[in-house]
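Please look over the model below with the ligand site in view; my comments follow as numbered points.

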Amino acid sequence: MNRKNGQQRMIEDIEREVAYTRQLIGRNHLDPRVMDAMREVPRDAFVPDHLKHAAFDNGPLPIGHGQTISQPFIVALMTDLLRTRPEHRVLEIGTGSGYQSAILSRLCKEVYSVEVVPELSSTAQRLFRELGYDNIHLKTGNGYEGWPEHAPYDGIIVTAAASHIPSPLIEQLKPGSRLVIPVGEPYSYQKLYLVEKDTGGNIKAREILGVSFVPLV
Ligand code: SAH
(Lines give C-alpha, C1' and ligand atoms only; values in the text may rest on other atoms or scores of the structure.)
Protein backbone atom coordinates (compact mmCIF):
# COMPACT_ATOMS: atom_id res chain seq x y z
CA MET A 1 0.00 0.00 0.00
CA ASN A 2 1.38 3.43 -0.79
CA ARG A 3 1.96 6.03 1.89
CA LYS A 4 -0.91 8.33 0.91
CA ASN A 5 -3.55 5.56 1.00
CA GLY A 6 -2.06 4.17 4.17
CA GLN A 7 -2.14 7.52 5.98
CA GLN A 8 -5.74 8.06 4.81
CA ARG A 9 -6.84 4.66 6.13
CA MET A 10 -5.06 5.38 9.44
CA ILE A 11 -6.86 8.72 9.80
CA GLU A 12 -10.24 7.07 9.16
CA ASP A 13 -9.47 4.37 11.75
CA ILE A 14 -8.55 7.03 14.32
CA GLU A 15 -11.77 8.94 13.62
CA ARG A 16 -13.79 5.73 13.99
CA GLU A 17 -12.16 4.94 17.34
CA VAL A 18 -12.75 8.51 18.56
CA ALA A 19 -16.44 8.00 17.73
CA TYR A 20 -16.53 4.64 19.65
CA THR A 21 -14.94 6.20 22.73
CA ARG A 22 -16.71 9.57 22.64
CA GLN A 23 -18.41 9.00 25.99
CA LEU A 24 -15.06 8.49 27.68
CA ILE A 25 -13.24 11.32 25.96
CA GLY A 26 -16.23 13.66 25.97
CA ARG A 27 -15.96 14.69 22.32
CA ASN A 28 -16.87 13.54 18.81
CA HIS A 29 -13.67 14.80 17.18
CA LEU A 30 -10.06 15.51 18.10
CA ASP A 31 -8.36 18.86 17.48
CA PRO A 32 -7.99 19.37 13.68
CA ARG A 33 -4.38 20.56 14.25
CA VAL A 34 -3.58 17.18 15.83
CA MET A 35 -5.24 15.30 12.96
CA ASP A 36 -3.23 17.37 10.46
CA ALA A 37 0.00 16.38 12.24
CA MET A 38 -1.11 12.70 12.14
CA ARG A 39 -1.61 13.13 8.37
CA GLU A 40 1.75 14.84 7.91
CA VAL A 41 4.22 12.62 9.80
CA PRO A 42 5.07 9.41 7.85
CA ARG A 43 4.50 6.65 10.44
CA ASP A 44 6.15 4.09 8.13
CA ALA A 45 9.50 5.85 8.65
CA PHE A 46 9.32 4.97 12.38
CA VAL A 47 8.67 1.22 12.10
CA PRO A 48 11.27 -1.50 11.38
CA ASP A 49 11.69 -2.67 7.75
CA HIS A 50 10.00 -6.03 8.26
CA LEU A 51 6.85 -4.29 9.58
CA LYS A 52 6.49 -1.54 6.96
CA HIS A 53 3.44 -3.35 5.52
CA ALA A 54 1.61 -2.78 8.84
CA ALA A 55 2.85 0.79 9.42
CA PHE A 56 -0.58 2.37 9.02
CA ASP A 57 -2.58 -0.20 11.00
CA ASN A 58 -4.25 1.26 14.06
CA GLY A 59 -2.25 -0.85 16.52
CA PRO A 60 1.08 -0.78 18.37
CA LEU A 61 4.09 -2.45 16.69
CA PRO A 62 7.36 -3.82 18.12
CA ILE A 63 10.42 -1.59 17.56
CA GLY A 64 13.06 -3.83 19.20
CA HIS A 65 14.51 -3.80 22.76
CA GLY A 66 11.12 -5.12 23.96
CA GLN A 67 9.53 -1.74 23.19
CA THR A 68 6.70 -0.61 20.93
CA ILE A 69 5.55 2.31 18.84
CA SER A 70 2.14 3.24 20.28
CA GLN A 71 -1.21 2.80 18.56
CA PRO A 72 -2.03 5.80 16.30
CA PHE A 73 -5.36 6.43 18.05
CA ILE A 74 -3.60 6.64 21.43
CA VAL A 75 -0.90 8.96 20.03
CA ALA A 76 -3.61 11.23 18.61
CA LEU A 77 -5.68 11.16 21.80
CA MET A 78 -2.74 11.86 24.14
CA THR A 79 -1.55 14.69 21.90
CA ASP A 80 -5.05 16.14 21.82
CA LEU A 81 -5.33 15.98 25.62
CA LEU A 82 -2.12 17.97 25.94
CA ARG A 83 -3.74 21.01 24.19
CA THR A 84 -0.50 22.13 22.56
CA ARG A 85 0.03 25.60 21.15
CA PRO A 86 2.65 26.63 18.54
CA GLU A 87 4.64 28.57 21.17
CA HIS A 88 4.79 25.61 23.61
CA ARG A 89 7.89 23.80 24.89
CA VAL A 90 6.89 20.26 25.84
CA LEU A 91 8.54 17.25 27.48
CA GLU A 92 8.03 13.62 26.47
CA ILE A 93 9.18 10.63 28.53
CA GLY A 94 9.89 7.52 26.41
CA THR A 95 11.17 8.59 22.96
CA GLY A 96 10.98 4.99 21.66
CA SER A 97 10.67 5.11 17.85
CA GLY A 98 10.40 8.92 17.95
CA TYR A 99 6.94 8.93 16.35
CA GLN A 100 5.19 10.74 19.22
CA SER A 101 8.02 13.31 19.39
CA ALA A 102 7.66 13.89 15.64
CA ILE A 103 3.91 14.53 15.99
CA LEU A 104 4.57 17.00 18.83
CA SER A 105 7.30 18.72 16.81
CA ARG A 106 4.69 19.72 14.19
CA LEU A 107 2.50 21.31 16.88
CA CYS A 108 4.95 22.96 19.30
CA LYS A 109 8.00 25.18 19.28
CA GLU A 110 10.38 22.79 21.04
CA VAL A 111 10.10 19.12 22.03
CA TYR A 112 12.35 17.61 24.71
CA SER A 113 12.29 13.82 24.93
CA VAL A 114 14.02 11.42 27.34
CA GLU A 115 14.65 7.74 26.53
CA VAL A 116 16.32 5.13 28.72
CA VAL A 117 17.56 2.84 25.87
CA PRO A 118 20.50 4.62 24.13
CA GLU A 119 20.07 2.69 20.82
CA LEU A 120 16.45 3.84 20.46
CA SER A 121 17.47 7.40 21.13
CA SER A 122 20.19 7.36 18.47
CA THR A 123 17.93 5.72 15.84
CA ALA A 124 15.30 8.41 16.51
CA GLN A 125 17.92 11.15 16.29
CA ARG A 126 19.02 9.92 12.87
CA LEU A 127 15.43 9.86 11.62
CA PHE A 128 14.70 13.40 12.82
CA ARG A 129 17.73 14.63 10.92
CA GLU A 130 16.59 12.82 7.75
CA LEU A 131 13.07 14.18 8.04
CA GLY A 132 14.26 17.70 8.89
CA TYR A 133 12.53 17.79 12.29
CA ASP A 134 15.06 20.08 13.94
CA ASN A 135 13.10 21.21 17.02
CA ILE A 136 13.36 17.88 18.87
CA HIS A 137 16.00 17.54 21.60
CA LEU A 138 16.87 14.08 22.89
CA LYS A 139 18.47 12.86 26.05
CA THR A 140 19.33 9.35 27.24
CA GLY A 141 18.48 8.79 30.87
CA ASN A 142 15.80 7.95 33.40
CA GLY A 143 12.67 9.89 32.50
CA TYR A 144 11.28 9.49 36.03
CA GLU A 145 13.44 12.49 36.88
CA GLY A 146 12.16 14.50 33.87
CA TRP A 147 14.66 16.96 32.30
CA PRO A 148 15.05 19.71 34.90
CA GLU A 149 17.48 21.85 32.84
CA HIS A 150 14.73 22.97 30.45
CA ALA A 151 11.83 23.08 32.95
CA PRO A 152 9.17 24.28 33.40
CA TYR A 153 7.24 22.83 30.46
CA ASP A 154 3.96 23.86 28.86
CA GLY A 155 2.98 20.19 28.73
CA ILE A 156 4.38 16.76 29.63
CA ILE A 157 3.50 13.42 28.03
CA VAL A 158 4.63 10.05 29.37
CA THR A 159 4.49 7.13 26.93
CA ALA A 160 5.31 4.29 29.36
CA ALA A 161 3.11 3.20 32.26
CA ALA A 162 4.13 4.26 35.76
CA SER A 163 2.89 2.84 39.07
CA HIS A 164 2.26 6.42 40.24
CA ILE A 165 2.68 9.95 38.89
CA PRO A 166 6.39 10.86 39.27
CA SER A 167 6.66 13.95 41.48
CA PRO A 168 9.61 15.43 39.51
CA LEU A 169 7.28 15.65 36.49
CA ILE A 170 4.62 17.52 38.47
CA GLU A 171 7.31 19.92 39.65
CA GLN A 172 8.52 20.52 36.09
CA LEU A 173 5.03 21.36 34.82
CA LYS A 174 4.10 25.05 34.40
CA PRO A 175 1.02 26.24 36.32
CA GLY A 176 -1.97 26.16 33.94
CA SER A 177 -0.49 23.16 32.06
CA ARG A 178 -1.26 19.49 31.52
CA LEU A 179 0.45 16.15 32.05
CA VAL A 180 -0.84 13.06 30.21
CA ILE A 181 0.30 9.72 31.64
CA PRO A 182 -0.72 6.05 31.77
CA VAL A 183 -0.75 4.77 35.37
CA GLY A 184 -1.12 1.16 36.52
CA GLU A 185 0.31 -2.34 36.64
CA PRO A 186 2.90 -3.45 34.04
CA TYR A 187 1.22 -5.12 31.01
CA SER A 188 -2.12 -5.19 32.79
CA TYR A 189 -4.71 -2.81 34.18
CA GLN A 190 -3.73 0.78 33.36
CA LYS A 191 -5.62 4.04 33.01
CA LEU A 192 -4.70 7.07 31.01
CA TYR A 193 -4.72 10.12 33.31
CA LEU A 194 -5.04 13.76 32.48
CA VAL A 195 -3.33 15.76 35.24
CA GLU A 196 -3.88 19.51 35.39
CA LYS A 197 -1.87 21.99 37.41
CA ASP A 198 -3.95 25.13 37.87
CA THR A 199 -2.53 28.63 37.99
CA GLY A 200 -2.43 28.36 41.80
CA GLY A 201 -0.30 25.21 41.52
CA ASN A 202 -3.11 22.84 42.64
CA ILE A 203 -3.18 19.38 41.04
CA LYS A 204 -6.28 17.67 39.71
CA ALA A 205 -6.15 14.23 38.04
CA ARG A 206 -8.88 12.67 35.91
CA GLU A 207 -9.10 9.16 34.41
CA ILE A 208 -9.79 9.11 30.69
CA LEU A 209 -9.79 5.45 29.54
CA GLY A 210 -8.13 2.05 29.89
CA VAL A 211 -4.82 1.61 28.04
CA SER A 212 -1.90 -0.83 27.74
CA PHE A 213 1.65 0.54 27.71
CA VAL A 214 5.10 -0.94 28.29
CA PRO A 215 6.28 -0.15 31.84
CA LEU A 216 8.29 2.88 32.89
CA VAL A 217 11.44 1.25 34.25
N1 SAH B 1 6.62 7.45 22.37
C2 SAH B 1 7.09 6.20 21.82
C3 SAH B 1 6.52 5.02 22.58
C4 SAH B 1 7.63 4.17 23.05
S5 SAH B 1 7.25 2.88 24.17
C6 SAH B 1 6.82 6.11 20.34
O7 SAH B 1 6.13 6.99 19.81
O8 SAH B 1 7.35 5.21 19.69
C9 SAH B 1 7.89 3.56 25.68
C10 SAH B 1 9.35 3.92 25.71
O11 SAH B 1 9.63 4.36 27.04
C12 SAH B 1 10.31 2.78 25.40
O13 SAH B 1 11.15 3.16 24.36
C14 SAH B 1 11.09 2.62 26.71
O15 SAH B 1 12.44 2.26 26.51
C16 SAH B 1 10.96 3.99 27.34
N17 SAH B 1 11.14 4.03 28.79
C18 SAH B 1 10.74 3.14 29.72
N19 SAH B 1 11.08 3.54 30.95
C20 SAH B 1 11.71 4.73 30.81
C21 SAH B 1 12.32 5.64 31.72
N22 SAH B 1 12.34 5.42 33.04
N23 SAH B 1 12.88 6.76 31.21
C24 SAH B 1 12.89 7.02 29.87
N25 SAH B 1 12.33 6.17 28.97
C26 SAH B 1 11.76 5.05 29.43
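**Notes on the ligand site and pockets**

1. Strand β2 gives the largest share of the shell around the ligand, three residues, where helices (H or I, at least four residues) and strands (E, at least two) are DSSP runs numbered from the N terminus. This is a predicted model, in which local features need pLDDT of at least 70 and side-chain atom pairs count only at pLDDT 80 or more, while totals for chains, interfaces and linings use all residues. Residues are numbered from 1 along each chain as its sequence is written, and side-chain values use heavy atoms, with hydrogens and water left out.

2. The shell holds 25 residues, of which Ser97, Glu115, Asn142, Gly143 and Val217 come nearest to the ligand; a residue counts as near if one of its heavy atoms lies within 4 Å of the molecule. By class, the shell comprises 11 nonpolar, 12 polar and two charged residues, with Ala, Val, Leu, Ile, Met, Phe, Trp, Tyr, Cys and Pro taken as nonpolar, Asp, Glu, Lys and Arg as charged, and the others, Gly among them, as polar.

3. A polar backbone atom of Gly143 is 2.7 Å from a nitrogen atom of the ligand, a backbone N or O atom of Gln100 lies 3.1 Å from a ligand oxygen atom, and a backbone N or O atom of Val217 lies 2.8 Å from a ligand nitrogen atom. The ligand taken alone exposes 580 Å², and the protein buries 100% of that, with accessible areas from the Shrake-Rupley method and a 1.4 Å probe.

4. The ligand sits in the largest pocket, in the sense that more than half of its atoms lie within 2 Å of the pocket's grid points. The elements that give two or more residues to the shell around the ligand are β2 (67–69), α5 (99–107) and β4 (110–115). A pocket here is an open set of points on a 1 Å grid over the protein atoms alone, where a 1.4 Å probe fits, with protein on both sides within 12 Å along at least five of seven lines; its lining residues have an atom within 4 Å of a point.

5. The largest pocket contains about 530 Å³ of space, a volume being the space filled by probe spheres set on the grid points. Its lining numbers 36 residues, with Gln67, Thr68, Thr159, Ala160 and Val214 nearest the centre, and divides into 19 nonpolar, 15 polar and two charged residues. The largest share of this lining, three residues, again comes from β2.

6. The second largest pocket has a volume of about 200 Å³. Among its 14 lining residues, Phe46, Pro48, Ile63, Ser97 and Thr123 are the closest to its centre, and helix α6 (residues 118–131) supplies the largest share, five residues.

7. Two backbone features deserve a check. Ala151 and Pro152 are joined by a cis peptide bond with omega of about 5°, and Pro152 lies in the loop between β5 (136–140) and β6 (153–158). His65, in the loop between β1 (61–64) and β2, has a positive phi near 60°. Most residues other than glycine have a negative phi, and most peptide bonds are trans.

Methods
Polar contact = N/O pair within 3.5 Å; in protein donor to acceptor, adjacent residues only side chain to side chain.
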